Amino acid sequence: MMAMSCKDGKGGMDNGKYVRYTPEQVEALERLYHECPKPSSLRRQQLIRECPILSNIEPKQIKVWFQNRRCREKQRKEASRLQAVNRKLTAMNKLLMEENDRLQKQVSQLVYENGYFRQHTQNKTLASKDTSCESVVTSGQQHHLAPQHPPRDASPAGLLSIAEETLTEFLSKATGTAVEWVQMPGMKPGPDSIGIVAISHGCTGVAARACGLVGLEPTRVAEILKDRTSWFRECRAVDVLNVLPTANSGTIELLYMQLYAPTTLAPARDFWLLRYTSIMEDGSLVVCERSLNHTQNGPSVPPVQNFVRAELLPSGYLIRPCEGGGSIIHIVDHMDLEPWSVPEVLRPLYESSTMLAQKMTMAALRHLRQIAQEVSQPNVSNWGRRPAALRALSQRLSRGFNEALNGFTDEGWSLIGNDGMDDITILVNSSPDKLMALNLSYANGFPAVSNAVLCAKASMLLQNVPPAVLLRFLREHRSEWADNNIDAYSAAAAKVGPCSLPGSRIGSFSNQVILPLAHTIEHEELLEVIKLEGIAHCPEDTIMPRDIFLLQLCSGMDENAVGTCAELIFAPIDASFADDAPVLPSGFRIIPLDSVKEATSPNRTLDLASALEIGPAGNRLTGDHSANDGNTRSVMTIAFQFAFESHLQENVAAMARQYVRSIIASVQRVALALSPSNLSSNGGLRSPLGTPEAHTLARWICRSYRCFLGSELLKSNGEGSDFILKTLWHHSDAIMCCSMKALPVFTFANQAGLDMLETTLVALQDITLEKILDEHGRKALCSEFPQIMQQGFACLQGGICLSSMGRPVSYERAVAWKVLNEEETPHCICFMFVNWSFV
């Protein structure tokens, strides 16, 4: 029998003989291959029985056919991948060559300007000998009488002239030398990078430029970028007020755009814009924009309350088709954000081109790449949800947080009186539109009782704390700042039936589980579900959930990213939440105010031990950091929303105000401990040492040890609470205190104790005594516990315990004793693990 070539995929081999397959046989085998690329021996035999046309083929021959078919498929995929990489490298090479040409032009221009300024300086030096009154007066007049630009004509013909001028200026920025561009810090072009990103140097306002490749056609790219609210998180609305057609199938659009304020300390921005879309002679698609702030004889938008009118200088998108599919895109964003309108401390935020590049220019490229990936992988889903649905959830979280943070009156928000302190702002919204948008009116098919929403918000300045480090801590150690009673109330507020205010009857939550839901290509943004596992709830409480679920959006956790805003936004959800489930977001936003790169190690851990949290309270909040000019600053904005019944407004407002104040205090405590300035040059403690509580606890520990064991815990002789606390902190053995509760948790540990547990002082309270002891240790402690309570101490045999990371730790022996307070009543139990080491 004549054989067909293996190259054609229709040949099998058995004992050196080739077999020719008929088209019907190949069709049957292909059908099975698409169902199961690697069938078992039984499945292949079943196929022979079910398909009579394969009856004359041996099972081994079919096995070889499948092997060859899989090999061809693998080769095809690899060839396709290499072709895609080659196309990308070719396009990237083209971009780099264009960038190189532009830089050469810029160098030539700078050389020319340098020569001109040298000659001008020499002429000025010669002319400076003329000190006549006339020349002085004339030069002064020339300096002060700057030319005033007359209003531009906004009639249809005038708008076309403005559009053409905008196009020319935009192209000179995108591909020319109109702006001096410098490479964005930390950004290196390459086949796996987002693209070539640059920021302006020495121009009016702030500007950013990006060039990149996306796997979408130019018309689709333009459509996505025009829908700015879908990818620019700070964009509140873009209204198209008028459309004028032009030649070459172009359009001129008049737009009114509003941007959210990123913090409570500054007003929002709005823009009155012209957008010009046209197709160039080489087939490139151009979308360019600029502000229409000084026009006449045409439509205009008057100033809007609570908004500052900012200016968009010629900006836009140059989109060119790429060989082999996709597009090469140039993005330019150039704005004057009117920094004079914000407090001086916030002006770096409005004068930073790096910040503009991160939140707008690079966000556009990332969004395009994300959609391109979803188009190329249409069957990928997480938790049964399509990527578009997950992106919509992320957008709802971000938008809901921005709405609460800004509290616009046209959305129904109204300010209520404070309690005499201006640190917390309380807003209330009971408009039907707000409740309908949140789907609170009907929860689970039944009318919900909550008929209003309250927001408590505040902003605070942080000194010398990397936003990414602080955000990671807030995400991973929720118990350090959150109140589980408030979480339980928020989760139940949208449910059927009345919901009482949080009280002592509500149980606690034993554990936080982070369940990944989705992430962007570069993992700069994570969407996840947080499960708070509940314990000890009252059985009669049917409204409060046993487990609480939060939908959480987290971004800005990369310490190396320059100018990145760090956000942690979350909202309570039902365990089986729908895509249109009620979402009432709360959270944190930390914005760096310094455009320079933070001088921190990317691998620095969340080590709070050396800070010990023992600086005086007054010094913690108002510590003098001015000595270090390299300190970085950031502003944190906090906003928490609560659904409630209208008759409980005063009670909920008081609860929310107190809760946000407690969160601020917790954040300040954590930020102080995370700040590198809290460490001395040798890694020791900052002076002055200790809060009164820490001094008192150290004194109680040493006094109780001497009382029950008849010897001194600290070998050195010294006086003063500072000496006792510092000596206890540096004791070579691991000393830690445990609460006297049904589920004992650690409340204090010295440096050796934190090292043994592999934890930090702030995270210490997440660790229970039961978690670190093995079965032998738990039995020994249970048998010795009555002796500890009666005699005041007990000596435990050596053994093995576990650190918080699960590493085994051996110790020679352990001593446990009661710690008595001033009233001689038990305060806690102290443990000392002698000669410990990791196994």
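Analyst: Happy to! First, a term: buried means under 20% relative accessible area, exposed over 50%, and partly exposed in between (1.4 Å probe, protein chains only). This is a predicted model, where local features need pLDDT of at least 70, side-chain atom pairs count only at pLDDT 80 or more, and totals for chains, interfaces and linings use all residues. Residues are numbered from 1 along each chain as its sequence is written, and side-chain values use heavy atoms, with hydrogens and water left out.

User: Is N306 buried, partly exposed or exposed?

Analyst: N306 lies in the loop between β11 (295-296) and β12 (307-309); strands here are DSSP runs (E, at least two residues), numbered from the N terminus. Its phi is near 75°, a positive value in a residue other than glycine. Because its relative accessibility is 40%, N306 counts as partly exposed.

User: Where is E824 found?

Analyst: E824 is not a glycine, yet it has a positive phi of about 60°. Its place is the loop between β30 (808-820) and β31 (826-834).

User: How many residues of strand β26 are buried?

Analyst: Strand β26 covers residues 633-644 and has 12 residues. It is largely enclosed by the rest of the structure, because the buried residues number 11 of the 12.

User: How many bridges join strand β25 to β26?

Analyst: Two strands pair if DSSP finds at least two bridges between them. Strand β20 (residues 452-463) pairs with β26 in the antiparallel sense over 12 bridges, and Q463 has R633 as its bridge partner in β26. Strand β25 (residues 586-592) also runs antiparallel to β26, with G587 partnered by A639. The number of bridges joining β25 to β26 is 6.

Notes: Helices (H or I, at least four residues) and strands (E, at least two) are DSSP runs, numbered from the N terminus.
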